[in-house]
Amino acid sequence: MSSISALKEVHKKGNFGDFSEKKEDELIKISEVKDLLIIQIVQYKNSNLAENISIDGLKLDNTPLNVNCNNETRIFWNGPKNWLLTSTKKELIKNISEIFIESDFAVTDLSHSRVVIQLEGPNVKEVLKKGCPYNFNILEKNNSINSTYNGIALTIDMLDNNPETVRLFALRSFGESLYHSVTDACLEFGYKSI
């Protein structure tokens with residue numbers, strides 16, 4: 001079964017906004033991340049399991065804002081004993097179901113229910129400041145937050161500081177609205193949709 005892009009009708013390639021007379025690396029790059037495994041893992045309150053549980057060599061860390069990652073997989077703290085795992089390795093779903101047993105964890109595959117928009121380049125934090133009440137001056141590489149962007153609930157995952165690179169995760173049904181809101185905020189700086 002193949003998935004249908006949440007942004008199929010709105011994500012058009014090209015340069016938009018104030019892009020003239022700017023170099024390629026001065027533009028914000030916007031893309032939709034597809035075919036990503038997205039799993040929510042929640043440990044039940046009455047579970048007495050050890051804290052040293054890991055998947056794909058990464059531990060489930062209970063440190064707020066923290067993201068543990070390798071080249072293919074990222075596990076971000078989503079709340080107390082609550083994590084969001086994203087990976088390009090689709091086969092991890094088998095390992096997850098073996099490691100996280102039903103009596104101790106709720107494991108939910110969110111892969112087809114989320115839209116993932118990636119922003120990269122200068123002024124990404126400035127774009128986020130236009131619609132989100134978070135203090136982005138303190139957001140660093142491998143941090144994630146849950147917040148809203150112009151009223152749309154989302155998770156923001158900071159992939160890198162230089163260039164500023166983030167992934168925005170939102171409910172699929174809000175994908176087009178979030179995309180329009182973010183691209184509208186990018187017009188001032190100029191952006192390239194890839």
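I count two residues as in contact when they have heavy atoms within 4.5 Å. The model I am reading is predicted.

**Entry: one residue's neighbours.** I looked up Leu-128 first. Leaving aside neighbours within four places in sequence, I find Leu-128 in contact with Leu-119, Phe-136, Tyr-149, Ile-156, Val-166 and Leu-168.

**Entry: the cores.** Next I asked which members of the largest nonpolar core touch the most other members. They are Ile-28, Ile-117, Leu-119, Leu-128, Tyr-149, Ile-156 and Leu-168, out of 30 residues. H3 supplies the largest share, five residues. Another core of 15 residues lies apart from this one, and Ile-39, Leu-58, Leu-60 and Ile-96 are among its members.

**Entry: the whole chain.** I noted three helices and 14 strands. Along the principal axes, the C-alpha atoms fill a box of roughly 60 × 40 × 30 Å. Of contacts between residues at least 6 apart in sequence, 65% join residues at least 24 apart.

**Entry: inside and surface.** Buried residues make up 47% of the 194. The chain exposes about 10100 Å², with 48% of it from carbon and sulfur atoms. I also checked charge: there are 22 positive and 26 negative side chains, and the centres of the two sets lie 2 Å apart.

Notes. Residues numbered from 1 in each chain as written. Predicted model: local features only at pLDDT ≥ 70, side-chain atom pairs only at ≥ 80, totals over all residues. Heavy atoms only, no water. Core = buried A, V, L, I, M, F, W, Y, C linked by side-chain atoms within 4.5 Å. Buried < 20%, exposed > 50% of the residue type's maximum accessible area, 1.4 Å probe, protein only. Helix = DSSP H or I, 4+ residues; strand = E, 2+ residues; numbered from the N terminus. Areas by Shrake-Rupley, 256 points an atom, 1.4 Å probe, with all protein chains shown as cover. Lys, Arg positive; Asp, Glu negative; His and termini not counted. Charge placed at Lys NZ, Arg CZ, Asp CG, Glu CD.
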